[in-house]
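Visitor: I'm new to reading structures, and I'd like a close look at one part before I get lost in the whole thing. Could you pick up from my question and then show me around?

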Amino acid sequence: MTITTWSRHLLIGLMLVAAILAPVGQGNYITYVLTSWLIFSIAAMGLNLTLGYAGQVSLAQASFMAIGAYSTALLTLAGWHWMLAMPVGLVLCFVVGLVLGYPALRVQGHFLAFVTLAFNTLVFLVLRNEDWLTGGNYGLMGMPRPDFGIFKTMRQVDFYYFTLVVTVAAALVMWAIVRSPWGRAFKALRENPIRAESLGVDTRRITLLAFAIGSAYGGLAGALVTSLVQFIEPGSFSLVHSLRILLMVVVGGAGFFFGPFVGAAVVILLPEVLRFTEGYYLIIYSALVIVMLAFVPNGLLGIGAVLRERFWPSRQRADMAQGAKLK
Amino acid sequence: MSQFLQVFLSGLATGSIYALVAIGFTLLWQAAQTVNFAQGEFVVVPAFFVLVGLHVLHLPLWAAVALALVLSLLVLGYLFKKLVVGPILPAGGISLIIATMALGILLKESIKEFYGAEAQPFPALVPQDPLNLFGAVVSMQDIMNLLISLGIVVLLTQFLNRTRTGRCMQATAQNPAVAEILGVDVKRMVLYAFLVNAALAALASFLITPVYLAKFSNGETLGVIAFIAAIVGGFNQIRGALAGGLLIGVLDNLTATYVTAEYRAALPLVLLIAIILLRPQGLLGTSEGRTV
Amino acid sequence: MNRKSFLAMSTAILFSVGVAQAQDPVRIGIVVELSGAGAPAGTNWRDGIKIAVDEINADGGILGRLVETAEYDTQTDPQTSRALVQKAIDEGAYAIWGTIYSGSTLVNMLVAQQNEIPQFVGSESPAIVDKGNPFVFRTSSGAQKGVPALTPYFKDTLGAKKVGIAWVNNEFGKGGHDVFAAEMAKVGIEVVADVSSEQAQTDYAADVARLKDSGAEAVFVYMNQEESARFLIEARKQGLAMPLVGEVTLTEAKVIELAGGAAEGAIAHVGLTATATQIEGIAEFAAKFEQSFNRRPTHDAIKGYVGAWATKYVTEMVGEFNGAAFAEKMKNLCLSVAEHPRMLLDTCWDATGEMSRPSFMVQVKDGSPVVIGTVPAN
């Protein structure tokens, strides 16, 4: 441990203060972008659980956002309060995650990736074609932002703080999950699957649970997106957006707790910074991603580990090495 | 009846295009452990090399095509391996997947910025005359695409099974460590895999772009369909890619004509899920480990 | 200090501020699709605006202030476009020029409306003028105005009793499809084939086969550029004999370039076309565009051009840079081409922002769209 617990807590505290002060004095647009960053951090956190902790690639996170977004939208348009509508979306995503993951994980590890790829596009098609329910190509618009009586969230800044509270709550729940026996089982699974199984960890059940919880986080992010943009349409939840969220997790550092926040910041804020380059920013951006992956494949938070290895290489027992097999 | 024949034959023609893209994808996956999410863009780029040769350098058609082939081998084969796959593969498959995704975006946006956002017409390398077969119309191009796909599968299978180099590539695919011990130049075999993929992508590009029209965004759907075709057909057999491609092409057309046009895009996806759940090795795949 | 010097000083300050203001450029945001699926449309819109802004600034700008534009690429994503309209407004835009894709416009126009910023859009979806937004103005007729111009063509000129519709399943295609289907129902023409296709679809064999077998006497084709081209190629290949009639996109220069000989004979109703060169302003614009950008302008370029010039004309009629006053002035406003030559044609807007203008029927002959008839403004 290079960073002591005390300094780690200080860092978290500072980040929280920075997050609270961030929108002060900024225009609506910057506040909007910051809120978007928080929302995608939640989605990325969910995917991080699936990918970083349980080692499964899910390419459907955007479709879970869609499920959360559309269910929340339909319910809030029918008059429900957001706080009641959101859990419906969460539960729906969790259940769908279980149903989707169960047969896919039964077969062999990597097939979840393909099944989620197909699922994402299927969800897009249903949203686009069933316009009696979803508004089809035109989507749904005019969703109200949550109103808590004394605290209304119509203004961009107020909605930002509301989202910040939700994000912190979600992060705390995630922290509890990771610290719990389940969470330790995930880590064991990731480090050395054979050893974990020999110690009695039910690989399949744990992985399925991770996927379902990760999907529920996607649903939460979707419920927030509905209120942020007050307009949703199928194109915002297509496969390319799932790939974006995957990018956030990998760039930030899969398996690191704060990886999603860093990754989401890079994926959402870097294009803003590069916007002055006009048409070239996507080219620069994708080139940077490739370079980053070549030098720091564990993501940005993995830079610490990379530097440590260079200057203080650790010595490892051969049979404890990752992927050690009894062949 | 002639309607059925029409859509069936057109489906075979489209399917053979998907197969061409899927074959290289399978090869790379098996021989070099590289899941190439930029495969769709790999099939778009050579066409633009040709257009640059024609309109910027003012070369005659065959010179432009030759130039495009050489550039494809260099950029999509050698440079791809050296600059992207080489450094990132040791870090794990997921990082490489993301890197190829980013590469796809890089290629796509570069075409858009440096050449143009609009679709461009592309000269046909093969005659396009229509032929009438029992009331259905197919073009020479369609038949050529089908024959070339079949030919490639046969040639590649022969190469991999009958020649020494081909068998070395298979050995590298199955167990690189042992192959190295036995004297196979593993690095070179892997390079060959990349070069073959680049050549296949270039060939696919020259054949399909007259029909698809050259546009920077063509790669998106093409990449996903090729991916699905490879898995559905069986990703450890080259002929699996052909079978998968043809199947998807035909079923897509039949669905659109007789069942539903709005959900036609769902078909390959449902097929993918069904295959994974029921027969994960694919239709023609074998359930043993890695072969090519 | 005494009153006299106070008055003198404040006058001096106000004067200098006034002078400084007169030299401040007026900022206008071009929020449009510069990447993604909408890139061809958006880049043309922007380039048409560039020509207009050069002309406006050569003319002294708007009310003495030079026009300074800032480009915002929406990436053809509605949510991004909404955020960028907000950004443009935060950065001091007086007006917004864009977006084109109806899905984006429906979303981002709310932001412009809330901030009382006039917005000229290139979208054609009927829904845009249905929302009671007084700050959104079209630069071309919406589908609900354009498509009905085809009804007499189908009914009287073609004498068709059964028709087919081939349309692309996005918000653009659906808008046109719904209007056309309603029009056919009104005049008792039966729609025997309703064939939807996907954006970026490449294989139209199934679509054409269905139309061929349906017994339709004419087909209404409503798709984006490449899709139209590929459809025409397949139709020619399978020998689809009946007339193919479209709205705006089917006979565009790009479609003809891509489809080659297969485009021969296609007919479309178009609002403004760069090929209607018998109209002087259009010929001049097309020549300038081709000289600057080495390619011919599409109707999106003309839309951008017209929107920019309309902003100048109307602002000068209002006399100040006031969004609310601008919106008020635009209601039921007509700009005749005699007094406002850069509008290219007599143009009128109604109280909802919908545009009314004479239009043309064109047919592709020998590889070029040729005007075969004019349709008065409706």
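Visitor: How many residues does helix α11 of chain B have, and how far does the helix reach from its first C-alpha to its last?

Guide: Happy to, and keep in mind that this is a predicted model. Helix α11 of chain B covers residues 266-278, which makes 13 residues. From the first C-alpha to the last, α11(B) reaches 18 Å, close to the 18 Å expected at 1.5 Å a residue.

Now look at which residues of that helix are buried. The buried residues of α11(B) are B:Pro268, B:Leu269, B:Leu271, B:Leu272, B:Ile273, B:Ile275 and B:Ile276. Here's a handy bit of background for reading a list like that. An α-helix has 3.6 residues a turn, so residues three or four places apart point the same way.

Let's zoom out to the chain that holds this helix. Chain B contains 11 helices and two strands. If you walk along the sequence, the pattern goes α-α-α-α-β-β-α-α-α-α-α-α-α. The radius of gyration of chain B is 19 Å, close to the 19 Å that the globule rule gives for 292 residues, so chain B is as compact as a globular protein of that length. Along the principal axes, the C-alpha atoms of chain B fill a box of roughly 60 × 50 × 35 Å. As for burial, 57% of the 292 residues of chain B count as buried. And when you take the contacts in chain B between residues at least 6 apart in sequence, 75% of them join residues at least 24 apart.

Chain A itself has 14 helices and two strands. Of its 327 residues, 49% count as buried. Among contacts in chain A between residues at least 6 apart in sequence, 75% join residues at least 24 apart. At 1.5 Å a residue, its 24 residues should span 34 Å, and the end C-alpha atoms of α7(A) are 34 Å apart, which agrees. Buried residues of α7(A) include A:Phe159, A:Tyr160, A:Phe162 and A:Met174. The buried residues of α7(A) pack against α2 (28-53) and α10 (203-229) of chain A.

Next, the contact between chain B and chain C. This one takes 25 residues from chain B and 29 residues from chain C. On the chain B side, α1 (2-32), β2 (136-139), α8 (186-212) and α10 (238-259) each supply at least two residues. The most comes from α1(B), with five residues. By class, the side of chain B that touches chain C has 12 nonpolar, nine polar and four charged residues.

Over in chain C, sheets are worth a look. Strands of a sheet pair through backbone hydrogen bonds, either parallel or antiparallel. One open sheet of chain C has five strands in the order β2-β1-β3-β4-β5, with parallel pairing. At the edges sit β2 (67-73) and β5 (136-138) of chain C, each pairing on one side only. From one strand to the next, the twist averages 25°. Inside this sheet, β3 (residues 95-97) and β4 (residues 119-121) of chain C pair in the parallel sense over two bridges. C:Trp97 has C:Phe120 as its bridge partner in β4(C). Helix α2 (residues 39-58) of chain C packs on the sheet and touches β1 (26-32), β2 and β3 of chain C. The direction of α2(C) makes about 170° with that of β2(C). Helix α12 (residues 299-318) of chain C lies across β3 and β4 of chain C, running at about 165° to β3(C).

Another open sheet of chain C has seven strands in the order β7-β6-β8-β9-β10-β14-β15, and the pairing is mixed. Its edge strands are β7 (190-197) and β15 (368-375) of chain C. In chain C, β8 (residues 218-222) and β9 (residues 244-247) run parallel, joined by three bridges. There, C:Val221 has C:Gly246 as its bridge partner in β9(C).

Key. Residues are numbered from 1 along each chain as its sequence is written. Chains are lettered from A and ligands numbered from 1 in the order in which they are written. This is a predicted model: local features need pLDDT of at least 70, side-chain atom pairs count only at pLDDT 80 or more; totals for chains, interfaces and linings use all residues. Helices (H or I, at least four residues) and strands (E, at least two) are DSSP runs, numbered from the N terminus. The radius of gyration is taken over C-alpha atoms; the globule rule is 2.2 Å times the number of residues to the power 0.38. A residue is buried if 20 or more other C-beta atoms lie within 10 Å of its own, exposed if 12 or fewer, and partly exposed in between; C-beta atoms are placed from the backbone. Two residues are in contact if their C-beta atoms, placed from the backbone, lie within 7 Å. Two strands pair if DSSP finds at least two bridges between them. Axes are lines fitted to C-alpha atoms, for helices over the stretch in contact, and angles run from 0 to 180 degrees between N-to-C directions. The expected span of a helix is 1.5 Å times one less than its number of residues. Ala, Val, Leu, Ile, Met, Phe, Trp, Tyr, Cys and Pro count as nonpolar, Asp, Glu, Lys and Arg as charged, and the others, Gly among them, as polar.
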